[in-house]
Amino acid sequence: MRNLITDVSGVRVGHASDAKLGSGATVVIFDRPVAGSVDVRGGGPGTRETALLDPAQTVEGIDAIVLAGGSAYGLDAASGVQAYLREQGRGF
């Protein structure tokens, strides 16, 4: 054990970055859906699908989390993850 998030069974992490652009994205994918929650703060947060984490909604678990910038490009990084999960027959 190295005290990393990947030490947790069923959790995989991937990261891609471009040092020249100063940009990147990190994805956490779970082997099976897990409970999820979010606390959105700030005056102009860039989020995608976070409203579905409200307990009153129909989503009971999440398959992945995408961490990226809040620009249009950062938000669109989730599209690739969504496409991957769809190919695997996963997701809401």
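Which residue in strand 3 does Val 34 stand opposite? Select Val 34, then look across to Ile 62. (Strands are DSSP runs of E with at least two residues, helices are runs of H or I with at least four, and both are numbered from the N terminus.)

Before moving on, know your model: it is predicted, with local features needing pLDDT of at least 70 and side-chain atom pairs pLDDT 80 or more, while totals for chains, interfaces and linings use all residues. Residues are numbered from 1 along each chain as its sequence is written, and side-chain values use heavy atoms, leaving out hydrogens and water.

Two strands pair if DSSP finds at least two bridges between them.

Now show the whole open sheet: 3 strands in the order 1-2-3, paired antiparallel. Strand 1 (11-18) and strand 3 each have a single partner strand, so one side of each is left without a neighbour in the sheet. From one strand to the next, the twist averages 15 degrees.

Helix 1 lies across strand 1, strand 2 and strand 3, at about 150 degrees to strand 3. (Contact means heavy atoms within 4.5 Å; axes are lines fitted to C-alpha atoms, for helices over the stretch in contact, with angles from 0 to 180 degrees between N-to-C directions.)

Finally, select Arg 48, Glu 49, Ala 64, Ile 65 and Val 66: of the 34 residues lining the largest pocket, these lie nearest its centre.

Key. On a 1 Å grid over the protein atoms alone, a cavity is a set of points where a 1.4 Å probe fits but cannot get out, and a pocket is an open set with protein on both sides within 12 Å along at least five of seven lines; lining residues have an atom within 4 Å of a point.
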